[in-house]
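Grab a pencil and work through these exercises with the structure open beside you. Try each task before you read its solution.

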Amino acid sequence: MARVLVVDDDHTVREVVISYLRAGGHDVAEAADGETALRIMRDEPADLVLLDLMLPGIDGLEVCRRLRTQGDVPVIMLTALGAETDRVVGLERGADDYVTKPFSPRELVLRVDSVLRRAGERSAPPAATVVDGDLVVDPARHVAALGDRDLALTSREFDLLRFLVAHPRHAYSRDQLLQEVWGWSFGDHSTVTVHVRRLREKVEDDPTKPTRLVTVWGVGYRWDPQTIGATA
């Protein structure tokens, strides 16, 4: 049973979401504003946060940013805004997924379970360290380094990098990456697009002309290695 924090200023939305989450076996806390949510996460941290984008006072984007400075709790954004730019901003702030209102409560619970399952898989025995030229990906320590500097990666970025480096020269569609990297059988392709762009900014000499994480037109993305080696 996971503890889920539902943050939404709409009492009716909270009530419906909470009832479905509890029916799904989860322990649930609730907050109607960002300040209360941050206080709850400080005093009684949840395993996942369902976070409305439009909140009074501190909005959802700022709450997500602050949560990311404190740890790596999974965050699913709840938003009435349908524009892709709004969704992308949420992902860039560190959200793991988003759901656009109006949404199906059953689908929302499935997304919660999927994100929690993926987060739990990070505790599995780590794979071997992979070396690709001057790039080192160390799953045991959950860090990656390029040359003499550690890369500042979110968990989602690290998961994507680890998967691609471990499967070089193989082209994956966005749907395949959603499933293989994050275990999502559904989701918007912008999730992949945003994290690919952010990874390129950190591992490519020129992100506008990538040589490692390349686009395969009509398919998706592929990792082209410099050199590949692995040590236990």
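**Exercise 1.** In this predicted model, work out how α7 and α8 are oriented relative to each other.

*Solution.* Start with the axes: those of α7 (residues 174-182) and α8 (residues 190-203) come within 9 Å and cross at roughly 80°. Next, recall the cut-off: 65 to 115 degrees counts as roughly perpendicular. So α7 and α8 are roughly perpendicular to each other.

Now look at who meets whom. α7 brings Arg174, Leu177, Leu178 and Trp182, while α8 brings Thr191, Val192, Thr193 and His195. Sort the residues of this α7 and α8 contact by class and you get four nonpolar, three polar and one charged.

**Exercise 2.** Is arginine 212 buried or exposed?

*Solution.* First find arginine 212: look in the loop between α8 and β11 (213-216). Its relative accessible area is 5%, and buried means under 20%, so arginine 212 is buried. Then check its surroundings: arginine 212 touches residues including Asp134, Leu146, Val203 and Trp223. Finally, follow the side chain of arginine 212 to the backbone oxygen of aspartate 132, which it reaches at 3.0 Å.

Technical notes:
Residues numbered from 1 in each chain as written. Predicted model: local features only at pLDDT ≥ 70, side-chain atom pairs only at ≥ 80, totals over all residues. Heavy atoms only, no water. Axes fitted to C-alpha atoms, helices over the stretch in contact; angles between N-to-C directions. Helix = DSSP H or I, 4+ residues; strand = E, 2+ residues; numbered from the N terminus. Parallel < 35°, antiparallel > 145°, perpendicular 65-115°, else oblique. Contact = heavy atoms within 4.5 Å. Nonpolar A, V, L, I, M, F, W, Y, C, P; charged D, E, K, R; others polar. Buried < 20%, exposed > 50% of the residue type's maximum accessible area, 1.4 Å probe, protein only. Polar contact = N/O pair within 3.5 Å; in protein donor to acceptor, adjacent residues only side chain to side chain. Lists of a residue's contacts leave out its neighbours within four places in sequence.
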